[in-house]
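Trainee: I'm new to this one, could you walk me through it?
Mentor: Gladly, let us look at it together.

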Amino acid sequence: MEWPYDNEAGLLAEEDCDVLVLGGGLAGLHAAIAAAEKGARVTLLEKGAAHRSGAAGTGFDHWEMACTNPGCTVTPEEMTRALEEEQDCFSNAIGHYIETREGWDRLLDLEKWGGKIRDTEGEFTGAPFRDDATGLMYAYDYRNRYTLRVWGTTFKPALVRRARRLGVQLRDRTEACALLTCEAGGVKTGTGGLGFDTRTGRITVFRAKAVVMAMSRPARVWLFHSDLPGLCEFRPLSSIGSGHAMGWRAGMAFTMMEKSVRGEFSAAGRSFPPYGTGNNHNTWYAATMVDARGVEIPYVDRDGRELKTVLERYLPAPGQKFFLKGGVIDEPKYEWRGPETLPFDELMRRGYRLPFYADLTGMPDSERRVIWGMMVGQEAKTRIPIYENYTERGFDPARHALQSYGTGWQSAAFLAQERQLFGAPGGVMHNWNLETSLRNVFAAGDMLYASDCAGHACATGHWAGQHAAEAAARAPMREAGRDFVEETRQRLLHPLTVRDGLDWREINAAAAKAMQNYCGGVKCDSLLRQGLEAIGELKQAAGEISCRNPHELVRTHEVSDILDVCELILHASLQRKCSCAPLFFERSDSDESLAAQERCYLTLWREDGAVREGKVPLQFYGDLTSNYEKHREGGGLDE
Amino acid sequence: MSEYRYTVEVTASSVSPLAFDPSRCIGCCRCVEACQIDVLLPPQRKGGVPRVVWPGECWYCGACVMECPQKGAIRLRHPLMNQARFVERASLRDEAPGKLP
């Protein structure tokens, strides 16, 4: 068949802007808008189409840790400390503090621009989770009210409208392929990026005074399915950590990249569609669960006290100030442990029978409607394939119970080597300005280490955008390195010159298998070194991939990025010599004598072809409140 | 004229995530423009429906259906292995009563 779009392969264009944003998801759009509001000329590169792209392009259903919303009783300081201690300090306190301080402001922005953040129609008037004075709808902890239920399907279109109105140059169908850098006064400095038109193949050099990287965390590293590549991970097929890969190639410092977790509910082919099976977490909190006989499974509080009413599932235990639930919270420590159904093993011991079901039939009408109607209707990937399709199949939440698989919310039993970067994984090391180790290159959202969730993406995106605009106002426009541009152009187009070569999927599958073999649940030096060799060989083999059009080229560029990310993860794993439970990092050759020494962020970056390593203390960011004040808009001083 | 020539073939997959109803589709291609994975290409000739060229790459977000102005013109369907079961609540009974918890 003929290619329906123009052919611009080999064409090299150039554009200038003040701030270049890579990635048009929630974080990227917020960054672009914030920079444009400060007067910067902004260009944003988005591989898909910003209107519905990114992990939350088709929606999300709740916004966590909005501590300055009028109903919330938890302060930003308390919440950030709780999240930090919950993760044994392998947490991103800078990001969380910005999120807890400013998340609510971002929600108000979104509302101003056409997003829906409250029940304006009175659909849930009188419900215990609704504040009838403001129409705000809360999730999880109804007393402390830090997480809001929102109509996330309205957010991306609203952000795109706002960005366009401010004159942001939105470059849809443009894959960000490389960071441009130079040495300026002995410091590696960002000077822009390279974009590849995913339909025509044109390559554009985007020169910029500052760059914001707002791309996804890595995926398809351990999990891949050649027949169903779109169903092998939680985030979009196209979101595979290209930002991490180009940062690594450019010498950017990373941390916590040795952290990975056993696959959870989210690999939709290996398990089931997220939020599409019986469970009582996240979107479905706190659904009633029943066993195969219809016997209700008890909810208990942190002291094992059985809860009698549905409302109690949404309230802290006696003597508890607040409890934590949400994206990164799996099994919280006692201090913040919220209501939960009895543990699976205990249920088996007591004779409960599989399969279990989520059973909304006996719940109060408002809880049933908010879980099935609103939450499942607003979460990404659920409005059409779950809410609409199940309804067409006859599912009625007032009559039917929805089956659970695996041990509840995981919806499959994954093996130890089937891993993901999930639950606040590693990423870019940064300072209070969200500036990376490369000068004038900022990061936001999923690119930051220990990052998670939509509210965090929006809040850090806005912060990074403001700081990038300030940096751009001081920085000169610098030339892109011609040799690097030409070299990258050759690399990007090379597969068009290969005839009857390999399919990109063969390399992706081989990389995933290598990572399962050499960087699985239990690691050791000799296996990890084998892993580096195997990935090195696959990099050679990737030169034999052939492509017939820009679409296939994009998939091939992604695989080459995945191989770089594999290398980064293997090096980070080699660097940490002692097992570390908070990072889900286990070694068979663990050197326990290093346990105390390695209670820190291990950082790594590439320099002159070698891997360099560093150490940063866990609480390097200092006092939260004063540093926030010092670095917020207008108060910012470089470190 | 570029030195490279582009061609394209449907990349086969065992699944068919998207089905178009030609009697409802008006060929506006909003679905093609909404898909962030770009699994669709516009119709080959005027009046046709978009082509699902990379069905295996669909990540089942539903953006195409959400943006479609013609209800029912596109159907998104998870593969059979992903169809979770649901039952009448009333059918869940203790067939062989044992020791109740």
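**Chains, core and a helix pair**

Mentor: To begin with the two chains, 79 residues of chain A are in contact with 60 residues of chain B, where contact means heavy atoms within 4.5 Å. This is a predicted model, in which local features need pLDDT of at least 70 and side-chain atom pairs count only at pLDDT 80 or more, while totals for chains, interfaces and linings use all residues. Residues are numbered from 1 along each chain as its sequence is written, chains are lettered from A in the order in which they are written, and side-chain values use heavy atoms, leaving out hydrogens and water.

Trainee: How much area is buried between chain A and chain B?
Mentor: About 6,000 Å², with carbon and sulfur atoms giving 54%; buried area is the accessible area (1.4 Å probe) that two parts lose on being put together, summed over both.

Trainee: Switching topic, which residues have the most contacts inside the largest nonpolar core?
Mentor: They are V19(A), L22(A) and L179(A), in a core of 163 residues; such a core is a set of buried (under 20% relative accessible area, 1.4 Å probe, protein chains only) Ala, Val, Leu, Ile, Met, Phe, Trp, Tyr and Cys residues joined through side-chain atoms within 4.5 Å.

Trainee: Which helix gives the most to this core?
Mentor: Helix α13 (residues 550-575) of chain A, with 12 residues; helices here are DSSP runs (H or I, at least four residues), numbered from the N terminus.

Conventions. Buried means under 20% relative accessible area, exposed over 50%, partly exposed in between (1.4 Å probe, protein chains only). Helices (H or I, at least four residues) and strands (E, at least two) are DSSP runs, numbered from the N terminus.
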